[in-house]
Amino acid sequence: MLRNAADGGSLRACGLYGWLLQRPLEAITFDMALAVQYLQRSVDGNDPPGILALAVSREGGKLVGLQRANPCDEDDAIFACEAEARQPDADPAVLVLLGMCYSDGYIVDQDVVRGASLFERASSQHFLLACSSLAYCYEFGEGVAVDKDKSRALNLEGANRGYVCVREL
């Protein structure tokens, strides 16, 4: 469905699909070359989540050759995604992207508490990458108190639903 929307011209779908192509999900086959193509379309269209996905990927050591021409666009992307995050029905993928930015200090000042709270909101919608990210927070006390049982439960939820990048169960 997401790929169909991306192929149909949705810039947001291009950015999110390009970002997910870099993740080890059972439902989506890892494909960095294809990820670059979809992210580039999203970024060229100035889609805020696509710009954040590019920034997170670049800062995380992925997509090294793909660059955004104007860093000011990343600030605009944060602003737009923050506006979406304030909505009660915010897209969980946008929440996770913002969470990664805050947790790791990409584009914004590092704020692990804000990152964990964004992962929590996306996890409540059963977004698998959010579950894994929140599990990491609980495992190592990043923005939340250490809680190995919560970490294990979140990782188990991800594993049971096909997310293969789970930490120690």
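Reader: With which residue does Glu82 form a salt bridge, and how far apart are the closest N and O atoms?
Author: This is a predicted model, in which local features need pLDDT of at least 70 and side-chain atom pairs count only at pLDDT 80 or more, while totals for chains, interfaces and linings use all residues. Residues are numbered from 1 along each chain as its sequence is written, and side-chain values use heavy atoms, with hydrogens and water left out. A salt bridge is taken here as a side-chain nitrogen of Lys or Arg within 4 Å of a carboxyl oxygen of Asp or Glu. For Glu82 the partner is Arg114, and the closest N and O atoms are separated by 2.5 Å.

Reader: Which helices does the pair of Glu82 and Arg114 link?
Author: Helices (H or I, at least four residues) and strands (E, at least two) are DSSP runs, numbered from the N terminus. The two residues are 32 apart and belong to distant parts of the chain, Glu82 lying in residues 72-85 and Arg114 in residues 112-123, which are helices H5 and H7.

Reader: Which residues are linked with Arg41 in a network of salt bridges?
Author: The side chains of Arg41 and Asp7 meet in a salt bridge of 3.9 Å, N to O, and this pair joins distant parts of the chain, with Arg41 in helix H3 (residues 32-44) and Asp7 in helix H1 (residues 2-7), 34 residues apart. Arg41 counts as partly exposed at 39% relative accessibility, and Asp7 is partly exposed at 44%. The network holding Arg41 also contains Asp7 and Arg3.

Reader: How many of the 13 residues of H8 are buried?
Author: Among the buried residues of H8 are Leu128, Cys131, Leu134 and Tyr138. The buried residues of H8 pack against helix H2 (11-20), helix H6 (92-104), H7 and H9. H8 is largely enclosed by the rest of the structure, because the number of its residues that are buried is 11.

Reader: What is the angle between the ring planes of Tyr136 and Phe140?
Author: Rings of Phe, Tyr and Trp (its six-membered ring) pair if their centres lie within 6.5 Å, and planes under 30 degrees apart count as stacked, over 60 as edge-to-face and the rest as tilted. A search of the whole structure finds one aromatic pair. The ring centres of Tyr136 and Phe140 are 4.8 Å apart, and the pair is tilted because the planes lie at 45°.

Reader: Which residue lies over the face of Phe140?
Author: A charge sits over a ring if NZ of Lys or CZ of Arg is within 6 Å of the ring centre and within 35 degrees of the ring normal. Phe140 counts as partly exposed, at 46% relative accessibility. At 5.8 Å from the ring centre, the residue over its face is Lys148.

Key:
Buried means under 20% relative accessible area, exposed over 50%, partly exposed in between (1.4 Å probe, protein chains only). Contact means heavy atoms within 4.5 Å.
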